[in-house]
Amino acid sequence: MKRNNTLYTICFLLASMCINTACEDTLSESPDSSYERKDFFITDKQADMAVLGIYSVLPTIYGDKDGMAFPCSDDTYYASGTNSDNTRRDICHYTIRPANTWVDAVWVGKYQQINRANYTIAGIENMDGYSESEVLQAFVAEAKFLRAQAAFDLVRYWGDVPFSTNYTTDYEASYKPRTEREEIYEQIIKDLDFAKEHLKWANDSSSPERATQGSARALLMRVLLTRAGYSLQLDGKTTRPGETLRTRYFNSVISEWEAFQSEKGQYHGFYNGGYEELFKSFSAGILNNRESLFEVSFYYPGTKGYWGTYIGIFADAPANSADANKVMGRAAVSYRAIPEWYEFYEAQDTRRDVAIGRHSWTWNKETGMHEKTDLSKKKGNWTPAKWRREWMPAGYKDPNYTDVNYCMLRYADVVLMAAEAYNETGNTAKAWELLNSVRKRAGATEITARNYKSLFKTHELMKKLDFIDDNDDAGKFRTALYWERGFELAFEGQRKFDLIRWGILKEALTLFGENTAVNTSTNTAYPAYQNFKKGKHELFPIPEDELQINGKLEGVNNPGY
């Protein structure tokens, strides 16, 4: 499926002309609107344009450099370079300070997303005929999905944060104290419940760049699993809900999975072309709404995307700009893969050479061609490789940027989330079945409790993973899931948050930091494990500017900052 260019042109025009209501707004800034709500929300088309205005915030968060650093430095990858930069390296290596400019940029972006959503929801709900219009209710459902997504990121990035479902129109209304995360979770779930009831399932004509019922249900599954897990509280303690609540959340995850088994929900599944072709299609800009449930679009005029450049396989740009229309652009590569993960995959597992790149591309100005360089013996130069220049169409608009979308939700993740919920509610047999469906697509060996040791206790580093109790079948599955979510979803923005909700981020960082080949007696390229402090780095600091401006925060930052 090709992108609809008209859709993104409309969205860009909207974002720049019609509802600049949240272009500058955080909770501490006043928005400047060129249209009063009563004058704008008249027709279905205007309502649609307002929703598109919320979507237009997403690429500024998830593809620009600042947003890409947020999931980094888990046990699968890290930032290249260790000197302090007040941006990505400090985030990735856990030397972050409240003045970090990228943290501030994401904070601002998230509140822009929420404020635009609040404006749009109220505007459409007050339109004539709203209560009888399925079209208008579907637009509100999209807006509520986007508000829920922003709120969820705020909670897992910063914990208890200022939050409102009302559009802020002046400075005084913008100042808010923290809202307890459980209250925010309730609103997130309420929004997603509305979204899933008023959005249609995807079909052959829908685009993953707009929310569908599958998007809402998948995000809800992620929210519920996160809520059931560990999180850092303001008192510096890391806690999780009691077993009764956890079981309720897991059962809700299973209910959402069962909806995917309905006649219309079964439209979603694994990409027919296989794992490698799936990621080739992402790089090539092909929309696949079967496995891809929701993508952040990078085809808006004026936006900049870094999937395939900052994160990808290294590539020189040609010296002559005349070559721009026939060769690949530049990929500077700011992140490195933990090389041991390459060894953990089975040789026949197709995900291995998709996920981890062991080559680079150098421009030969004499031949006017890129030349491939083998890096298999240089483990410190291996990179995340799911998005890469070599899979993109020849030619580029700018040597440093791409139009590659960020896939936020995909079907394989839904399957693994359901498997986790089944295991935690006592149905480990069903959990193995689902996990193995993911492995089957990749050509990996089916795993059970019986052959568990032969698959996950062979590599010396795998044997050292002792922070998950595997003395029973449920524990063996948890260990298998630890590896499987890494194999399947590495570098896609979820790993760090998996480790946090499982309560093992520090342990995982230490395991790999103490054993990886990239850390030597003379050079620690991956220092995250040395700097990470439990009870602090599970959350980001509230940006310094926000603390100074918003007096209702009383100058109190997150624990340890």
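**Exercise 1. Find what share of the chain's contacts between residues at least 6 apart in sequence join residues at least 24 apart.**

Solution. Start with the term: a contact means heavy atoms within 4.5 Å. Among contacts between residues at least 6 apart in sequence, 72% join residues at least 24 apart. Before going on, note that this is a predicted model, where local features need pLDDT of at least 70, side-chain atom pairs count only at pLDDT 80 or more, and totals for chains, interfaces and linings use all residues. Residues are numbered from 1 along each chain as its sequence is written, and side-chain values use heavy atoms, with hydrogens and water left out.

**Exercise 2. Compare the chain's radius of gyration with that of a compact globule.**

Solution. Take the radius over C-alpha atoms; the globule rule is 2.2 Å times the number of residues to the power 0.38. For 561 residues the rule gives a value near 24 Å, and the chain has 23 Å, so the two agree. Next, look at burial, which means under 20% relative accessible area, with exposed over 50% and partly exposed in between (1.4 Å probe, protein chains only). Of the 561 residues, 61% count as buried.

**Exercise 3. Classify the ring pairs Y62–Y406 and Y306–Y310.**

Solution. Rings of Phe, Tyr and Trp (its six-membered ring) pair if their centres lie within 6.5 Å; planes under 30 degrees apart are stacked, over 60 edge-to-face, and the rest tilted. In one of them, Y62 and Y406 lie 5.7 Å centre to centre with 20° between the planes, a stacked pair. Y62 belongs to helix α4 (residues 58-62) and Y406 to strand β10 (residues 406-410), 344 residues apart. Helices (H or I, at least four residues) and strands (E, at least two) are DSSP runs, numbered from the N terminus. Both Y62 and Y406 are buried. For Y306 and Y310, the centres are 4.5 Å apart and the planes stand at 85°, so this pair is edge-to-face. Y306 is buried at 4% relative accessibility, while Y310 is partly exposed at 22%.

**Exercise 4. Describe helix α17 (residues 428-442) and its surroundings.**

Solution. First, its length: the 15 residues reach 21 Å from first C-alpha to last, close to the expected 21 Å, which is 1.5 Å times one less than the number of residues. Second, its buried residues include W432, L435 and R439. Third, the buried residues of α17 pack against several elements, among them α12 (243-260), β10 and α20 (473-489). Finally, just after α17, G443 takes a positive phi of about 80°.
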